[in-house]
Amino acid sequence: MLYREAGDFKTSYVADGQTFPIRFDRWRYYAVLAVAFGIVPFVVNDYWANAVLLPFLIYAIAAIGLNILTGYCGQVSLGTGGFMAVGAYACYKLMTAFPDVSILIHIVLAGGVTAAVGVLFGLPSLRIKGFYLAVATLAAQFFLVWLFNKVPWFYNYSASGQITAPERTVLGVAVTGPEAPAWAAYLVCLVFVTLVALVGRNLTRGKQGRQWMAIRDMDIAAEIIGVNPLAAKLSAFAVSSFFIGIAGALFFGVYLGAVEVGEAFGIQKSFLILFMVIIGGLGSIFGSFAGAAFLVLLPVFLKNVLVGALGWPSDLAAHFELVIVGGLIIVFLVAEPHGLAQLWRLAKEKLRLWPFPY
Amino acid sequence: MPEQFFWGVEVVLNGLMAGVLYALVALGFVLIFKASGIFNYSQGVLALFAALTLVGIMDGQVPFAHLINAIFGTDIHHFGWHLPALAAILLTALVMVALAWAVQRFIFRHLVGQEPIILFMATIGLAYFLEGVGDIMWGADIKNLDVGLPQGINATIDELTYQWFGYGFFIDNLDISATLIAAALVTVLILFAQYTKQGRAMRAVADDHQAALSVGVSLNFIWIMVWSLAGIVALVAGIMWGTKMGVQFSLSLIALKALPVLMLGGFTSIPGAIVGGLIIGVGEKLFEFLIGPMVGGATENWFAYVLALVFLVFRPQGLFGEKIIERV
């Protein structure tokens, strides 16, 4: 009864082409935004922000970025961690070089820097395809991490080789540094997530997104019908890296505060975000959120159950976590290779007809 | 200057030996990729798992001891026997075959016909799973693996080269035996693929699944066989690497080293895996030796990838890969 198209008449092209054409969907979306902006900041505490909300929001940005490249444009990338590192280090260098400029501008600029680096590493994609490209992006991953480790200029010659975010404020409230309140960090991330999701969703609905999908489905056929593969692939790399760079900057500046590159942006991170995209659903913005939520919540949940409730030693629990995560991924792929987004789509189909079976 | 030159030669020789070890891992990838189109990320973890199992069986460890102790409050560790290396290796090979069957039966049989990236993801899931299971079964501490392979500097080569050139080459006995074993393994594999019924069936499947199916080749059997072969190759690689640097988590990272080897050699070529391994082995050692000191060292982490990347731009299918013919 809730999920109805009948009676929902569109009287203008604008109304017909909107992101959520079904009324219930639209109201749900507004409700989620209202809760996220209006209620959560007042009730959030440090534990929830740091264990769940901030990683969820930041990984969601990265997952949207990777989803644009892998899910929409079909270019498998394993260099996400490296690109996040570019965003983090660009943000750090900008923050320390221009302390008076707003951190928000720095984060966006860091995204821009990452986009440039992404395009550079995306160039081979014109010749290399499929798994060869996936492995080629590993070159970006390893090279970038090595670069940030070995060239002291990037970490301002600090003795530990770490980068530490200095305190920066937005409208007088600290958002980076150890003194930043949880709600401020949360709000900054939330604003970026909302913007990124909005831009991502609309890009993929429009001409650009259709070009990407044409390249994904069959690049030669796409070329024949007039899609420029150079422009399409490189723009996918640019947009994807831009988002991933923002995620990296937030991950470093707002979430962790201090970062050691090999630990925070290693190959594991690349795989984690790829998992999110695939579990969530390739080629779906909603899927990016679902995948990020799933993989952020799962370890927290497992840790609470295994260590907290069952009282196992933590090293055993950590190994068990690996088994469960690995097993779940396999079960998931066997049961629903198209991810959580597909489950949601099926649920919506059912909801349309509910309470009738046909 | 001749001193410098000899150093260089020594670096090249050691690079060749390291390349053989990379090639061993890459070989497992190629076998599975050729026969089933699965890009098997878990190959490195397979090697780790095989090495862990081997050590566990040799030392008579009780599997899952840690878990059992945690749940039942018991305190068990070892059965209290020591198996000879050969028997343990055979038993481990059996375990790998059983694992191959399980992988095929419970994972990939359900994923037939899915897109390559889904299969790839499944192998990453498998890698996590096996890593966790291996740790729970045998414990996560670093173990020594000694199956009786000679180790340490080869004195004969050292003396001979000292007499000839006035400079003794340092070459590890282990590397020499690894090279010999790898060569033997590859020969056996190639003979198997060329001259046996199962080997031919395997190549038929690699060529065209449907055509092979239509002339009566059992895909299921071939895939189990291929995974078993990959498991045994992983076991050999695990023994080599495990003896070299101890059986520990970082063993599974050799899979990442094998990837550029694959790119260079082509995903579908067994000779490619060997040649690629040698090129990468020599290339990264030489680069570290010549350029490394200028840029702060530790270039081995990325050099192989960048080399492969640059190479691929000029030859997208790798050295020996099948020519990619694209049609709409």
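**Notebook: chains A and B of a predicted model**

I began with burial in chain B: of its 328 residues, 45% are buried, where buried requires 20 or more other C-beta atoms within 10 Å of the residue's own, exposed 12 or fewer, and partly exposed a count in between, with C-beta atoms placed from the backbone. I note that this is a predicted model, in which local features need pLDDT of at least 70, side-chain atom pairs count only at pLDDT 80 or more, and totals for chains, interfaces and linings use all residues. Residues are numbered from 1 along each chain as its sequence is written, while chains are lettered from A and ligands numbered from 1 in the order in which they are written.

**Entry: chain B**

I looked up the secondary structure and found 14 helices and zero strands in chain B. Here helices (H or I, at least four residues) and strands (E, at least two) are DSSP runs, numbered from the N terminus. I then checked contacts, defined as two residues whose C-beta atoms, placed from the backbone, lie within 7 Å. In chain B, 72% of the contacts with a separation of 6 or more are between residues 24 or more positions apart.

I consulted the UniProt record, an unreviewed entry, which assigns "transmembrane region" to several spans of chain B, including 176-196 and 217-241. UniProt positions are given in the numbering used here, feature names are shortened, and annotations may be inferred rather than shown by experiment. I compared these two spans with the model. Residues 176-196 of chain B are 95% helix and 0% strand, with the end C-alpha atoms 29 Å apart.

**Entry: chain A as a whole**

I count 15 helices and four strands in chain A. I checked its overall dimensions next. The radius of gyration, taken over C-alpha atoms, is compared with a globule rule of 2.2 Å times the number of residues to the power 0.38. Chain A has 21 Å, which agrees with the value near 21 Å for a compact globule of 358 residues. Along the principal axes, the C-alpha atoms of chain A fill a box of roughly 65 × 55 × 45 Å. I find 47% of the 358 residues of chain A buried. Of the contacts in chain A between residues at least 6 apart in sequence, 76% join residues at least 24 apart.

**Entry: helices H4 and H12 of chain A**

I examined the packing of H4(A) (residues 80-97) and H12(A) (residues 267-280), whose axes are 6 Å apart at an angle of about 110°. The axes are lines fitted to C-alpha atoms, for helices over the stretch in contact, and angles run from 0 to 180 degrees between N-to-C directions. The two helices are therefore roughly perpendicular; angles of 65 to 115 degrees count as such, those under 35 as roughly parallel, those over 145 as roughly antiparallel and the rest as oblique. On the H4(A) side I list A:Thr80, A:Gly81 and A:Met84, which meet A:Ile267, A:Lys269, A:Ser270, A:Ile273 and A:Leu274 in H12(A). The residues of this contact are four nonpolar, three polar and one charged. In this scheme Ala, Val, Leu, Ile, Met, Phe, Trp, Tyr, Cys and Pro count as nonpolar, Asp, Glu, Lys and Arg as charged, and the others, Gly among them, as polar.

**Entry: the contact between the chains**

I find 42 residues of chain B and 38 residues of chain A in the contact. On the side of chain B, the elements giving two or more residues are H3(B) (65-72), H5(B) (116-138), H11(B) (254-265) and H14(B) (303-314). H5(B) supplies the largest share of that side, 15 residues. I sort the residues of the chain B side into 32 nonpolar, seven polar and three charged.

I then turned to A:Ala139, in helix H6 of chain A. A:Ala139 is buried, with 27 other C-beta atoms within 10 Å. Residues up to four places away in sequence aside, A:Ala139 touches B:Trp302, B:Tyr305, B:Val306 and B:Leu309.

I located A:Arg216 in H8(A) (residues 207-217). A:Arg216 counts as buried, with 20 C-beta neighbours inside 10 Å. Beyond its neighbours within four places in sequence, A:Arg216 is in contact with A:Tyr72, A:Cys73 and A:Gly74.

I placed A:Gly130 in H6(A) (residues 130-150), and A:Gly130 counts as partly exposed, with 17 C-beta neighbours inside 10 Å.
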